[in-house]
Amino acid sequence: MTTAAVLSAGSWGTVFASVLADAGTDVTLHARRAEIADAINERHQNPVYLPGIDLPKQLKATLDVEQALPGTDFVVVSVPAQAMRASLTAWAPLLGPQTVLVSLMKGIELDSGLRMSEVIADVAGVGPERVAVVSGPNLAREIAGRQPAASVVACTDEQVAQRLQAACHTPYFRPYTNRDVVGCELGGAAKNVIALAVGIGVGMGLGDNAQSLLITRGLAETSRLGDALGADPHTFSGLAGMGDLVATCSSPLSRNRSFGEHLGRGQSVTEAAAAISQTSEGVKTSEAILGLAHRHGVEMPITEAVVQFLRGEVDLDKATALLMERPTKPERHSCTR
Ligand SMILES: NC(=O)c1ccc[n+]([C@@H]2O[C@H](COP(=O)([O-])OP(=O)(O)OC[C@H]3O[C@@H](n4cnc5c(N)ncnc54)[C@H](O)[C@@H]3O)[C@@H](O)[C@H]2O)c1
Ligand SMILES: O=P(O)(O)OC[C@H](O)CO
């Protein structure tokens, strides 16, 4: 039987662990709080992150990472992107020599500009063939209700991707494989920034035309950066690109879009963070992506406007003007600079 440990028991970690369990994988979920571990083991619920949702009865939770990790086929990491390096540094000594590490995270490390799979490889000292990524239009609460969804399992080693695909394939969760780890991770991280922008627009009372503008040109600027980073341009029209962008920008379940809505209604970043109270990766990842864009000479005007607004350098009217008053130009294929 395939075995997996999932670190940790937030929204997506809990739901992806449930998917693995429903797929027949033997899963242990690591929780940081006793109330969560006990509720999962005794009542099959995670009352903090997924109140009212019934989890698979075979899903086990533990507070003891030394019990969860040793000897597992997959170690799945699902913590906020900016906390990943420190968390994995503590867990790395417990990893087995064959274990494949799986990132569920959709962020870029702020200080280094590294993607999560790069941070994992760096901290765990493993090659790219032992690091996989799961990314796609996967709003945790819908999947917790076993509503149909698809995703992408990306790894440079196709056989590793296929093993993970089999370990998480259920009647309601359909994973595709892809060898383009760069494109899948960038698509997942950048869509959070665009979802912030769309949410801000919604909060300001802007209509569907403006939302479509941000989504479409957001995909264009993401594809430009992907081109510079060596991603496969086709990835951005797939589930980890356009698919996730549309789901996140359209759904009231998205924390990033909701965070943006609070900002668009005039709340501060601190007030919006308090209102959402869960991970909204786009806030810090916007800075990281803009840093990458500058380093590679890529124009990302929507990301730039989001960053300037979050830094308090421009207000919403000025941010809107920055985007709308840019020089006009032909609409080109999205991955041409
Ligand atoms: N929720 C979703 O629908 C969803 C779907 C796909 C991908 N993701 C991605 O998964 C990642 C995790 O998101 P989430 O929704 O589970 O977030 P969450 O806020 O629901 O849970 C975060 C988890 O990380 C833990 N944590 C928080 N700070 C930590 C720290 N400093 N060190 C170690 N652990 C810490 C928390 O205890 C919690 O278990 C993010 O990168 C997110 O973009 C989320
Ligand atoms: O709630 P968000 O904004 O973190 O988005 C969740 C998932 O990434 C959607 O695929």
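View 1. Helices are DSSP runs of H or I with at least four residues, strands are DSSP runs of E with at least two, and both are numbered from the N terminus. The model is predicted: local features need pLDDT of at least 70, side-chain atom pairs count only at pLDDT 80 or more, and totals for chains, interfaces and linings use all residues. Residues are numbered from 1 along each chain as its sequence is written, while chains are lettered from A and ligands numbered from 1 in the order in which they are written.

View 2. A residue is buried if 20 or more other C-beta atoms, placed from the backbone, lie within 10 Å of its own. The buried residues of H1 pack against elements including strand S1 (3-7), strand S2 (26-30) and helix H7 (158-167); contact requires C-beta atoms, placed from the backbone, within 7 Å.

**View 3. The shell around ligand 1.** Among the 24 residues around ligand 1, Gly10, Ser11, Ala83, Met105 and Ala140 come nearest. A residue is near a molecule if its C-beta atom, placed from the backbone, lies within 6 Å of it. Helix H1 (residues 11-22) gives the most to this shell, with 3 residues. At least three shell residues come from each of domain 1 (3-179) and domain 2 (186-324), with bounds from an automatic or database domain assignment.

**View 4. The largest nonpolar core.** Val76, Val77, Val102, Ala132 and Ile194 touch the most other members of this core of 110 residues. Its largest contribution, 14 residues, comes from H8. A nonpolar core is a set of buried Ala, Val, Leu, Ile, Met, Phe, Trp, Tyr and Cys residues joined through C-beta atoms within 7 Å. Leaving out residues up to four places away in sequence, alanine 132 touches residues including Val100, Val102 and Leu164.

**View 5. Helix H13.** Helix H13 (residues 282-295) has 14 residues and reaches 19 Å from its first C-alpha to its last, close to the 20 Å expected. Its buried residues include Gly282, Val283 and Leu290. Among the elements that cover the buried residues of H13 are helix H8 (181-204) and helix H14 (301-310). Glycine 297 follows H13 and has a positive phi, near 65°.

Technical notes
The expected span of a helix is 1.5 Å times one less than its number of residues. A residue is buried if 20 or more other C-beta atoms lie within 10 Å of its own, exposed if 12 or fewer, and partly exposed in between; C-beta atoms are placed from the backbone. Two residues are in contact if their C-beta atoms, placed from the backbone, lie within 7 Å.
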